[in-house]
Amino acid sequence: MTIRYTKDHEWIRIEGAVAVVGISDYAQSQLGDIVFVDLPEPGKKVDAGDEVAVVESVKAASEVYAPVGGEVVETNPAIVEDPSLVNQSPMEDGWFVKLKISDPDALDSLMDQAAYDAYLQTL
Amino acid sequence: MGDTAENLKVTPLNSLHKELGARMVPFAGYEMPVQYPTGILTEHKHTRAAAGLFDVSHMGQVRITGADPAKALEALVPGDLVALDVGKMRYTMFTNDAAGILDDLMVNKRDRDLFVIVNAACKEQDIAHMRNNLKGCEVEYLEDRALLALQGPQAVDVLSRLNSVIPALSFGMGATLALDKFEAFVTRSGYTGEDGFEISVPNSQVEELARWLLAQPEVKPIGLGARDSLRLEAGLCLYGHDIDTTTTPIEAGLAWTISKRRREEGGYPGAEIVKKQLAEGVARKRVGIQPQGRAPAREGTEIFNDKNEKIGVITSGGFGPSVDAPVAMGYVATDYAKVGTPLTLMVRGKALPAKVCTLPFITKRYAK
């Protein structure tokens, strides 16, 4: 199961025909207590780097960007109901959207786990 | 107070904040704790349930002495300081000739002086303003003192362990007290909507006092993040956001801070404008705003009426942990300032319904 990360701390994981997108543990810890999540409508098409969702902590709003281009096929209603899931389980239950990706090769330009871990060390 | 590598000033508790695992951020030229590891939601709720300790040493503490410092300071602020009893405090603001607000401040009247607390970001300008304009007074910047706030319903029990006279202080009063071995000036006041105290002590003693307070089972350290959400729920203004040089005390809903005598006599910058606004009304007013959904509406969010005309702007907005909903305040055209008036907030291009509501969002629990 391939997982890749962006410099903006999104992760993307291939699961069969779709890619699941969320934010990293580092991202959730930097944001602090998440109190609101704004998710797109399924069917929305995004390019790599486009805003695909918004998370709000007590302090501030932050955008979540699409790691690669594609079409939103599903969103996670659980994090709308309980935004703190993103803090508790950023890599599993706290996922944001599922994308049908247009160009699977685009994942190659993102960081793998080792590269992301090394990147975090530089911050 | 020293400097960090990035040229930020630090308070005497800087190393304690770091030891406690705080996330430090630049604020008003200081490196300050925005939150501790438990996070803003927990810190906020803990303060309302028990007691929270805040380092507010970045704020300016100023002592004014002279023949009649209360009368002298009235030349710069609309607050009634002459009528203030010794031992009591008053909230007021420095105004300019257009009745804009230069800063807001707390004035404590003591036996031989006024003890004034001003905002960190404005303190140099405030001190210069007072030195230039207070005739016959000496304005002393108390750089050798730190300031703690202990806030919450259990603050009184905690502080009473250091001096049994503490419960006798009523809200809005101050006294020079020995807190055990600490030489403190204590006021029963704060910025959270809860009962609590602000404690001024020498820099050399503040870390030991802070450690003693944090060792009490009721007390947890609270950062600037929760300080902001607590004061917003309490409907209290934050300078530079809800009030500034473009807002007058009347527009800001602070007419209650101006006594009958001061309304009639004036004698402070912008007094004629304030008098006119009191008599004729204002074009816009600060109001509480309750967004109807779950989405917070932040500072700068534009406010529209049902005809899609812009009628105002949010000046403070976020999530209220105790309200468990988004909360905001801002300025709207006076026609829309009545409680219950429907508003539309434009948040990231989406129209969100909201209503004008009463402030504060929580029930204040000041000790009588």
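Guide: A salt bridge here is a side-chain nitrogen of Lys or Arg within 4 Å of a carboxyl oxygen of Asp or Glu. Keep in mind that the model is predicted.

Start with B:Glu302. Its partner is B:Lys310, and their closest N and O atoms are 3.4 Å apart. That pair counts because 3.4 Å falls within the 4 Å limit. B:Glu302 is partly exposed, at 34% relative accessibility.

Next, B:Asp324 and B:Arg294. Their side chains meet in a salt bridge at 3.5 Å, N to O. This pair ties together distant parts of the chain, 30 residues apart. B:Asp324 sits in the loop between strand 16 (310-320) and strand 17 (325-333) of chain B. B:Arg294 sits in the loop between strand 14 (284-291) and strand 15 (302-304) of chain B. Both ends are partly exposed: B:Asp324 has a relative accessibility of 44%, and B:Arg294 has a relative accessible area of 38%.

Now a local case. B:Arg261 and B:Glu265 form a salt bridge of 3.0 Å, N to O. Both belong to helix 8 (residues 260-265) of chain B and lie four residues apart, about one turn of the helix. An α-helix has 3.6 residues a turn, so residues three or four places apart point the same way. B:Arg261 is partly exposed at 25% relative accessible area, whereas B:Glu265 is exposed at 54%. The pair also belongs to a network of salt bridges that links B:Glu74, B:Asp80, B:Arg261, B:Arg262 and B:Glu265.

Over all chains, the count is 31 salt bridges. Three of them run between chain A and chain B. In one between the chains, A:Glu56 meets B:Arg298 at 2.6 Å, N to O. The contact itself takes 15 residues from chain A and 16 residues from chain B. About 1300 Å² is buried between the two chains, with carbon and sulfur atoms giving 50% of that area.

Then the nonpolar side. The largest nonpolar core has 28 residues. B:Leu150, B:Leu159, B:Val186 and B:Ile199 have the most contacts inside it. Several elements of chain B supply at least two residues each, including strand 9 (145-151), helix 5 (155-160) and strand 12 (196-202). Helix 6 of chain B gives the most to this core, five residues. Beyond its neighbours within four places in sequence, its contacts include B:Ile166, B:Leu179, B:Phe197 and B:Leu213. Another core lies apart, with 25 residues, among them A:Val55, A:Val64, A:Val86 and A:Ile101.

Helix 4 (residues 123-133) of chain B shows a sided pattern. Its buried residues are B:Lys123, B:Asp126, B:Ile127 and B:Met130. Seen down the helix axis, they fall within an arc of 95°, so they line one face of helix 4.

Last, the cysteines. The count of disulfides over all chains is zero. For B:Cys237, the nearest cysteine sulfur is that of B:Cys122, 13 Å away. B:Cys237 is buried, at a relative accessible area of 6%. For B:Cys357, the nearest cysteine sulfur is that of B:Cys237, 14 Å away. B:Cys357 is buried as well, at 16% relative accessibility.

Conventions:
Residues numbered from 1 in each chain as written. Chains lettered and ligands numbered in written order. Predicted model: local features only at pLDDT ≥ 70, side-chain atom pairs only at ≥ 80, totals over all residues. Heavy atoms only, no water. Buried < 20%, exposed > 50% of the residue type's maximum accessible area, 1.4 Å probe, protein only. Arc of directions from axis to C-beta. Core = buried A, V, L, I, M, F, W, Y, C linked by side-chain atoms within 4.5 Å. Contact = heavy atoms within 4.5 Å. Disulfide = S-S within 2.5 Å. Buried area = accessible area lost by both parts, 1.4 Å probe.
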